[in-house]
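Reader: I would like to go through some local features of a model. Please show me how to read each one.

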Amino acid sequence: MKKLSLCIVALMVCSALSFAQDKAKSEPADTRWEVGLNMGIANFAGDYNMFKDARFHHFNFWKSDMDFGIGASVKKNFSHVFALELGWNYTNLTGTWKYLGWTNIPPFKTKVNEYDLNSVWNMSNLFSKDKYDRKIYWYAKVGIGTAHVYNKVYEAPTNNNHNWKATIPLGTGVVFRLSDNVKLNIGTQWSWIN
C-alpha cells in the first residue's frame, strides 16, 4: 500500500509540473504515430493456483517471483488528449510454493504473450483548458486484449486451444519528451487475465 501511495504522489507532482509549464501558444492537434519498445519487471498478484479445483478455494498458495518482461507498441495520436495504442507484452511468470513442509510441490513457470488495444489519455491535457504538446505529462490507459497463457513447467501440459484468455489492461505513467522525436515513458500496466 505504501508503494501505491508513493506512486500516486509522484504522479501528482509530475502532473502539477506539467500544468505549471509556460504556454507560448496553442499548437495544432498532435496526430503523429509513435513506435516504442519496453522492458521491465512482471509478476502476478492475487490468487493463483494451478490445480484444477483451485477455483473453489480463495487462497494464494504461491509466492510470486520478479520476472523480466519485454514488449512493443504502436500508437496513433488523434489529438493532444486521446490516442489508440496496439501493444504486445511477453514474460514468464514464475512462483514458488509458500508453505514449508510441502516440499514435493515444484515451482511453476508460465509463459504469457499478451496483445492489447488501449485507449491512451493525456491526463495533463484532459484536465487543463490549454491543450498543447507538453515536455512532461501524465497519462492513463485502459483497453481490451487477449493473452496466450502456457504452463511451461508442470506435470500435465494444458490443451493449447484453451490457453487464449481475455484481458483487461489498465495503466498509468509519466512521459518525458527528450526531443521532438524521442520520448521516455516510465509507467506500469496491470492486466486482469481470467
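Author: Note that this model is predicted.

Reader: Is L86 buried or exposed?

Author: The cut-off for exposed is over 50% relative accessible area. L86 has 53% relative accessibility, so L86 counts as exposed.

Reader: Which residues make the nonpolar surface patch?

Author: A patch of this kind joins nonpolar side chains within 5 Å. Here W33, V35, V74, F78, L84, L86, L117 and I144 make a nonpolar surface patch of about 840 Å². At least two residues of the nonpolar patch come from β1 (33–42), and at least two from β4 (82–97).

Reader: Where does S119 lie, and is S119 buried or exposed?

Author: S119 is in strand β5, which spans residues 108–122. Buried means under 20% relative accessible area. The value for S119 is 15%, so S119 is buried.

Reader: What does S119 touch, not counting residues up to four places away in sequence?

Author: With that exclusion, S119 touches F82, A83, L84, A140, K141 and V142.

Reader: Is S124 buried or exposed, and what does the side chain of S124 reach?

Author: S124 belongs to helix α2 (residues 123–126). With a relative accessible area of 0%, S124 is buried. The side chain of S124 reaches the backbone nitrogen of W138, at 3.0 Å.

Note on methods:
Residues are numbered from 1 along each chain as its sequence is written. This is a predicted model: local features need pLDDT of at least 70, side-chain atom pairs count only at pLDDT 80 or more; totals for chains, interfaces and linings use all residues. Side-chain values use heavy atoms; hydrogens and water are left out. Helices (H or I, at least four residues) and strands (E, at least two) are DSSP runs, numbered from the N terminus. Buried means under 20% relative accessible area, exposed over 50%, partly exposed in between (1.4 Å probe, protein chains only). Contact means heavy atoms within 4.5 Å. A polar contact is a pair of N or O atoms within 3.5 Å; within protein, one must be able to donate a hydrogen and the other to accept it, and residues adjacent in sequence count only if both atoms are side-chain atoms. Patches are made of residues with over 30% relative accessible area and no salt bridge: like charges are joined within 9 Å, nonpolar side chains (Val, Leu, Ile, Met, Phe, Trp, Tyr) within 5 Å. Accessible areas come from the Shrake-Rupley method with a 1.4 Å probe; for residues, only the protein chains shown count as cover. A salt bridge is a side-chain nitrogen of Lys or Arg within 4 Å of a carboxyl oxygen of Asp or Glu.
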